[in-house]
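Hi,

Here is the structure I promised to pass on to you. Have a look at it first, and then read on for what I found.

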Amino acid sequence: MAFRTLLAKKTLSLASSFAPASSSGDRWLGASLRQVRTLTVAALPDLPYDYGALEPVISGEIMKIHHQKHHQTYINNYNKALEQLDAAIAKGDASAVVQLQSAIKFNGGGHVNHTIFWQNLKPTNEGGGEPPHSTLGWAIDTNFNSLEALIQKMNAEGAALQGSGWVWLALDKGSKKLSVETTANQDPLVTKGATLVPLLGIDVWEHAYYLQYKNVRPDYLKNIWKVINWKYASEVYDKETADDTL
Amino acid sequence: MALSLGSTFALSLASPFSALPGQAAKRPSISSSAAGKIFLNAKNIEKKHLHQFQKASKVLAYYGLTNPPYKLDALEPYMSRRTLELHWGSIHRGYVDSLNKQLAKSTLYGCTMEELIKTTFNNGNPLPEYNNAAEIWNHDFFWESMQPNGGKLPWGGLLQQIEKDFGSFSNFRDDFVQTAITFFGSGWVWLVLKTNEKKLSIVKTSNAVCPLVWGDIPIINLDMWEHSYYLDYKDDISKYVNNFMDHLISWHSATARIVRAEAFVNLGEPKIPVA
């Protein structure tokens, strides 16, 4: 819906500068014959499971607010920033473009990160928590000695993270090595390295667990592994490591 | 009542450095600003520690958890007792315990909290104790920035200064609320008195950063970490901030702080009407 409104807006503004406008009806016709630059905006992806499906690890209340409020807010603010960016680019306003970068990084990052996060989780009765096998399983053993060691490392780094942020299991596309990274606020993983691909991300912002676990972040981290979707992580891993066999 | 403002108390212990019979008195080397003084929180000192002080030749610094100047349910319904139980009783207390554990193995001792914060901030390259120390100070400051039946308007010199530096009180209020609503991540929103520019200003800081490290004087702060409002307001930051401004903010505390600040920052002559 928002997309169409934007399309209409863009169309209107371009048409008015060229076509002699008699009534708003004519503008549509004139504009459709021209090349219009459209703005693709973000939309909230649906969760591939019910809000309550991750209980008792993550409560339905948290999932609902996390998805419908927090993620939606990031998307709304990201789209707003994109519109403003578009206008600034069109006007050639370099300082406005630069000023918008922090809002885009924060809100866009929030959208990117949470989209990955919903895929990283799966209800236990659909395979959530099932440990990784074959390629990813071996890679974990090579890089961390064991799955338990990896989990311990991610939990330690997640618990030690001050403030808000994310803890990631990252794959370096270049070296094919796995690593554990943390990012602050909503910085996406690429801010830690341009070749890093997120296999798993765990949201350690307080909104991700506070209602249920209060300030005991270590308990949240200990439990979340029961609903981690290793299948998704494996798929991403296989895709990224298979890419250069040309 | 102990209005701590993050500072600690000088306790006059019975000659803590007095020599044990047969030994020469050894004065431990502490920084000159803390020379001879031991800062402790009176509430948490135990006889055991007192005894240890009199025997030990090394000074150990311990910090205590100060109580908010009101009961934990006094800020209802704008900040629930449950929030305070967790925020003060668990999180704030956690910082105190962590800092004391760190200090047991550290050479930083005998400092006031403010000194400790400035030292451990290390000009932007913070030492591990910084986070705990600053968060203790920030939270002490926060409890005292609020009061039951708070909000409404400041008065007198503080109101005049706000009007001078922001145009009007409602400008200031809008500014403060906007800053809080557009906050990225965890941190604090502050009303500070900037010592160089000699004016009030609204600043935001990330995570544990405290404007003391820049030499500015905080007047009021608001905790923007999610743990501060999530139980009561979930993601409705706007409601949280507005309730803070309308019902919780303690202009009494703010007035006391700016009065103290004027001893360090010259805000000009008061306009005394001539009869």
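Let me start with chain A, whose secondary structure comes to nine helices and three strands. Please keep in mind as you read that this is a predicted model. Chain A has 246 residues, and buried ones make up 46% of them. As for how the chain folds back on itself, take the contacts in chain A between residues at least 6 apart in sequence: 67% of these join residues at least 24 apart.

The largest nonpolar core has 129 residues. The residues with the most contacts inside that core come from both chains: L121(A), L178(A), Y220(A) and W230(A), along with F172(B) and F244(B). Leaving aside residues up to four places away in sequence, Y220(A) touches I58(A), F117(A), I202(A), D203(A), V204(A), A208(A), Y209(A) and Y213(A).

Now to the place where the two chains meet. On one side are 16 residues of chain B, and they are in contact with 19 residues of chain A. About 1,800 Å² is buried between the two chains, and carbon and sulfur atoms give 58% of that area. Within chain B, the residues that lose the most area to chain A are F184(B), E226(B) and Y230(B), which together account for 34% of what that side buries.

There are polar links across this interface too. The count is seven residue pairs in polar contact between chain B and chain A, both residues being at pLDDT 80 or more. Which elements of chain B give two or more residues to the side that touches chain A? They are α2 (81-103) and α7 (230-233). Of the elements, α2(B) gives the most, with four residues. By type, the residues on the side of chain B that touches chain A divide into six nonpolar, six polar and four charged.

The rule finds one salt bridge across the interface of chain B and chain A. This bridge pairs E61(A) with K234(B), and their closest N and O atoms are 3.7 Å apart.

Side chains of opposite charge can pair when their charged atoms come close.

In chain A, E235(A) forms a salt bridge with K231(A), with 3.7 Å between the closest N and O atoms. Why are these two residues about one helical turn apart? Because they sit four residues apart in helix α9 (residues 230-242) of chain A. E235(A) is partly exposed, at 46% relative accessibility, while K231(A) counts as exposed, with a relative accessible area of 59%.

Another salt bridge in chain A joins the side chains of K239(A) and E240(A), at 3.7 Å from N to O.

In chain B, R82(B) and E85(B) meet through their side chains in a salt bridge, 3.3 Å from N to O. Both residues lie in helix α2 of chain B, three residues apart, which is about one turn of the helix. R82(B) is partly exposed at 43% relative accessible area, and E85(B) is partly exposed at 28%. Salt bridges that share partners also bring in R81(B), joining R81(B), R82(B) and E85(B) into one network.

Finally, do look at N221(B), which lies in strand β5 (residues 217-223) of chain B. N221(B) counts as buried because its relative accessibility is 0%, and the cut-off for buried is under 20%. A polar atom of the side chain of N221(B) lies 3.4 Å from the backbone nitrogen of F142(B). Not counting residues up to four places away in sequence, N221(B) touches N138(B), F141(B), F142(B), S145(B), W188(B), V189(B), W190(B) and F244(B). You have already met F244(B), as one of the residues with the most contacts inside the largest nonpolar core.

Conventions. Residues numbered from 1 in each chain as written. Chains lettered and ligands numbered in written order. Predicted model: local features only at pLDDT ≥ 70, side-chain atom pairs only at ≥ 80, totals over all residues. Heavy atoms only, no water. Contact = heavy atoms within 4.5 Å. Buried area = accessible area lost by both parts, 1.4 Å probe. Salt bridge = Lys/Arg side-chain N within 4 Å of Asp/Glu carboxyl O. Polar contact = N/O pair within 3.5 Å; in protein donor to acceptor, adjacent residues only side chain to side chain. Nonpolar A, V, L, I, M, F, W, Y, C, P; charged D, E, K, R; others polar. Core = buried A, V, L, I, M, F, W, Y, C linked by side-chain atoms within 4.5 Å. Buried < 20%, exposed > 50% of the residue type's maximum accessible area, 1.4 Å probe, protein only.
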